[in-house]
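Colleague: Can you walk me through this model? I'm new to reading these.
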Amino acid sequence: MIPSMIETRSEFAAFQVVEEPHPPLPVTVRPADETDLGPISVLMAERERDRPSRQLRLHRQQLERQTQGIGQLLVAESDTGIVGVAKSRVVTPPSGSPYRTPPAGWYLSGIVVDPRYRRRRVGRRLTEARVRWVLERAGRVFYFADSQNEVSLALHRDLGFVEVARNILVSGVTFSSGCGVLSVLTREDWNSRIS
Ligand SMILES: CC(C)(COP(=O)(O)OP(=O)(O)OC[C@H]1O[C@@H](n2cnc3c(N)ncnc32)[C@H](O)[C@@H]1OP(=O)(O)O)[C@@H](O)C(=O)NCCC(=O)NCCS
């Protein structure tokens, strides 16, 4: 079984076309530490409609992955506190995984921005930071999302992610639309965008 990598069952942000860009929210993006687990769990529990205690356990595991160098747990902190959380991790599907299982590699494995601070560039900052960090360690980074999560798909597409498969199967993940989309960004493509 592939470990559960991302949470997709709760609602997505509504896709909106804006005339004027919103002013970016000043935030510090940094690796989380033990003291952040409380606010992270509250934010994730709201998004997942889950118990904070369960989210605390899951994010403590993610913090351990970060310590071992096989994962990352980032927070975006503003002067009001933690306003965003984002993760990445190594995933290794066991042999015999079903056809349509995404390949082994580094994955962006979840991002949530506090609904009060969305569309202020926090998600972009968190994603750019994860991509940079992963592409220092690997030649490509994967990401998957529900096909109806247009906001997430637009955010990642803007950064250069390219769709490579649809109707993927990920153990432990239920795509509410019934269709998961796998995308990839290579180091080469990322470097050519930022140079
Ligand atoms: C997806 C999410 C993290 C985006 O965070 P955010 O801080 O609001 O996003 P940003 O302000 O950094 O937006 C970056 C780009 O994403 C796209 N985008 C973000 N919100 C959008 C919206 N509501 N409508 C359309 N495009 C949007 C735009 O391309 C935007 O660039 P622009 O502002 O220059 O047009 C946030 O909406 C969220 O927490 N959603 C719920 C959890 C979720 O779906 N996570 C992803 C699971 S795969």
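Colleague: What pattern does the chain follow along the sequence?
Modeller: Read along the sequence, it goes β-α-α-β-β-β-α-β-α-β-β-α. Helices (H or I, at least four residues) and strands (E, at least two) are DSSP runs, numbered from the N terminus. This is a predicted model: local features need pLDDT of at least 70, side-chain atom pairs count only at pLDDT 80 or more, and totals for chains, interfaces and linings use all residues. Residues are numbered from 1 along each chain as its sequence is written.

Colleague: How many helices and strands?
Modeller: The chain has 5 helices and 7 strands. Its radius of gyration is 16 Å, close to the 16 Å from the globule rule for 195 residues, so the chain is as compact as a globular protein of that length. That radius is taken over C-alpha atoms, and the rule is 2.2 Å times the number of residues to the power 0.38.

Colleague: New topic. How many residues surround the ligand?
Modeller: There are 25, and the closest are Ala13, Arg118, Gly123, Arg124 and Leu155. A residue is near a molecule if its C-beta atom, placed from the backbone, lies within 6 Å of it.

Colleague: Which element gives the most to that shell?
Modeller: H4 does, with 5 residues. Strand E4 (105–113), helix H3 (122–135) and helix H4 (150–158) each supply at least two.

Colleague: And what classes of residue are in the shell?
Modeller: 14 nonpolar, 4 polar and 7 charged. Ala, Val, Leu, Ile, Met, Phe, Trp, Tyr, Cys and Pro count as nonpolar, Asp, Glu, Lys and Arg as charged, and the others, Gly among them, as polar.
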